[in-house]
Amino acid sequence: MAEPRVGVGVFVFRSAEDGHFIVGERKGSHGAGTIALPGGHLDFGESFEDCAAREIKEETGIDLENIRFLTATNTVFGDSGKHYVTIFMAANAIAQPEGEPAEPKLLEPDKCESWSWCTFDEMKEVPTHGKKLFQPLHSLMEQRPDVCAMLEAP
Ligand code: 8DG
Ligand code: MG
Ligand code: MG
């Protein structure tokens, strides 16, 4: 029998003072076409922090600092029937050597259409603009309103 898996989604903030974080449109996997955070599966023996740093480096080339746990959610996907416990982490992007803010690179173009910066309020508006959110983000809003309130007013 299939078992729940652990996914790690990361709010990568542009800097400590900036409420913009990275989102991307998924491609080539379940939730294709939906807007999601960068992240991936927790590897065997890995810490949440190491998983967040590894996935963000692999997917965007960005190095992280101040990696912190936000919350966890539970999602049974309506489309695929997959079941994930999502660990939501937050972190700040380390600026480029010249001091310019970090910019995500599309390092896995087979898995993601493009990256962009987004605020939590803008993310909530995504469904009204004809796009869908990846289901764990709906779980976050439904299951963890306290955390969402914090993300809305950083
Ligand atoms: P990996 O197999 O290389 O570890 O992962 P990936 O290639 O980066 O796949 P992914 O789809 O980005 O992430 C793996 C699973 O993690 C995904 O299918 C479902 C789960 N997941 C959540 N929440 C989130 C999230 O917020 N963002 C991402 N990217 N994945 C998430 O449960
Ligand atoms: Mg990955
Ligand atoms: Mg991923």
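By how much are Glu55 and Glu59 separated in helix α1? Glu55 and Glu59 lie four residues apart in helix α1 (residues 48-60), and are therefore separated by about one helical turn. Helices (H or I, at least four residues) and strands (E, at least two) are DSSP runs, numbered from the N terminus.

The structure is a predicted model, in which local features require pLDDT of at least 70 and side-chain atom pairs pLDDT 80 or more, whereas totals for chains, interfaces and linings use all residues. Residues are numbered from 1 along each chain, chains are lettered from A and ligands numbered from 1 in the order written, and side-chain values use heavy atoms, without hydrogens and water.

Donors are N, O and S atoms within 2.8 Å of the metal (3.2 Å for Na, K and Ca); water is not among the atoms, so sites may look incomplete. Glu59 also coordinates the magnesium ion (ligand 3), which is 3.3 Å from the magnesium ion (ligand 2). Glu55 is buried, with a relative accessible area of 8%, and Glu59 is likewise buried, at 10%. Buried denotes under 20% relative accessible area, exposed over 50%, and partly exposed in between (1.4 Å probe, protein chains only).
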